[in-house]
Amino acid sequence: MTPRDLRDLVPPEPMEIILDAVEAARPGDTLAFVLPHFPTPLLPLLEPCGVRYHSELSGDGGIIFHIERL
Amino acid sequence: MQPVLAYDQAPPFTLPARFFLAMPVWLACSGLVCLAWGSQAEAGRFSPVVLALTHLLALGVLGNVMAGAVLQILAVVAGAGYRHPGRLGLAVFWPLQLGVGALAGAFLTGFSALLFRLALACLVWGLGLLALVLTRGLLNSPARDATSRALAFAAVGLLCTVLFGGTMAAVFGWALPLPMTGLLELHMLAAALGWLLMLVAGVAVTVVPMFMLTPAYPASFMRVFSPALALAALLGALAVVAGWPRLAALPAIGAAAGFALLTLGRLQASRRPADPARRFWLTGMLALLLAQLTLAVGLCLAEAAPLWALATGWLWLAGFGCAAAFGMLYKITPFLAWLHLKALHPPRGALPSMHGFIDASAQARGWQVYLFWLASGLLWCAWPATAPLLGMATLALAGVLGHAHGRALWRYYRLRQAFLAAPDYPPS
């Protein structure tokens, strides 16, 4: 799956998009987004959604943020 | 250390919202003062109408936005929750409003001693409490990032501003034999450098790269800017005490121009050139730079015309301070509305996006009216007879800002009522 690049969006638009996608996802679905930095402000909002997440460097200055709906 | 984000510590929306809504009311009041007495500014920067307008802008407009934003930021970014947010809001809000009205009234009624005493009591209480809450919250917070450090310095700057300003109000209120010129220089130095520039710079290092999609500020700047600004303010204060008031401005000019140039460089490299918030910040930084120029010209001229001092004050307050405050408020109000509604776990699709609260066209319109207001103010500095134009522009800006933020808050209120009244609320 190609991660969706959200780097040219102004905060908190990426947050809205990710939370919306998480809400729409079914258990077992995985999502991936390219972000300019680790999304610290998003984490407190993701926690109640029942997800597992991890990140890796994108290689061009950003990070790829992976989310799995539990 | 990175800032700690604790949305569960966020105070109710009513805490910052009441301050944000008070802002256009005081802006409208300054417009009315300008219409009624603005042409009397010919007497210079110490004429009663200029002093009243300065404090309406500094305390009523900027003070309210800053107080609301600081109380919100402190709770969420520094993780410093409030035990009684409702009581805290009232204890800062009403004294601040009453104090602003009393102070402006004191200037406009020929330096009424009674109104100065009332203003002193209210503002020392309201702003002193705000500074203490800010200091206490930051001391207890684990956050040690550049913004939190600058907020701590800004709290000291606010306390000094209140101390020197309050002493002057006491001089007028009780006819105390104290040196007004020195107090005035120290008050302006603490307010402009220690409070306004420190707070805006502290916020800028986080929000400019984040919201305007610019390169980050250099790491060395992030480490040193807040102690360097504090040092510049201290050097300026020492120059005032030593009897060299002209030298006092030099550290301020250097610090402000350096920050403006660095921020302009970031903004030029923004990946969102059409963002209205970027336009506000660009305007603000150009105004800050221009303010240093007018200040320097005023200092160089032996018999400086009132124009230079008036223009410096206008560019600092209306140009730099208000541009940053209005630009960020267009981001803060929709985000807080969205965040508080999100916490209610609304049904999917029921919560509008941030643009649903204040859209980009409303922000762009706000910037255009703001620019007209700023230009009208500069015209007024040169020709005080144009005060009616500035008064009308001020009323128009108050209307545009009040409409945008009031509409967003009304939408928030309606949606909140709808979510709470839904039969399946609270969701399991």
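Predicted model: local features only at pLDDT ≥ 70, side-chain atom pairs only at ≥ 80, totals over all residues.

1. On the side of chain A that touches chain B, α1 (13-24) and α2 (43-46) each supply at least two residues, and the largest share, seven residues, comes from α1(A).

2. As to the extent of the interface, chain A and chain B bury about 1,700 Å² between them, of which 63% is on carbon and sulfur atoms. Within chain A, the residues that lose the most area to chain B are A:V10, A:P11 and A:E16, which together account for 30% of what that side buries. Counted by residues, the contact takes 17 from chain A and 18 from chain B.

3. For chain A, UniProt lists residues 5-64 as "domain: DUF2249", and the entry is unreviewed, so the label should be read with the caution that such annotations may be inferred rather than shown by experiment. In the model, the span of residues 5-64 of chain A is 27% helix and 27% strand, and its end C-alpha atoms lie 9 Å apart.

4. Turning to chain B, where does B:T147 lie, and is it buried or exposed? B:T147 lies in helix α5 (residues 146-174) of chain B, and it counts as buried because its relative accessible area is 8%, where buried means under 20%. The side chain of B:T147 reaches the backbone oxygen of B:G202 at 2.8 Å. Once neighbours within four places in sequence are left aside, B:T147 is in contact with B:G202, B:V205 and B:T206.

5. My last point concerns the cysteines, and the structure holds zero disulfides over all chains. B:C300 is accordingly in no disulfide, and the nearest cysteine sulfur, that of B:C381, is 19 Å away, whereas a disulfide would require the two sulfur atoms to be within 2.5 Å. B:C300 counts as exposed because its relative accessibility is 67%, while B:C160, with a relative accessible area of 28%, is partly exposed.

How values were computed. Residues numbered from 1 in each chain as written. Chains lettered and ligands numbered in written order. Heavy atoms only, no water. Helix = DSSP H or I, 4+ residues; strand = E, 2+ residues; numbered from the N terminus. Buried < 20%, exposed > 50% of the residue type's maximum accessible area, 1.4 Å probe, protein only. Polar contact = N/O pair within 3.5 Å; in protein donor to acceptor, adjacent residues only side chain to side chain. Contact = heavy atoms within 4.5 Å. Buried area = accessible area lost by both parts, 1.4 Å probe.
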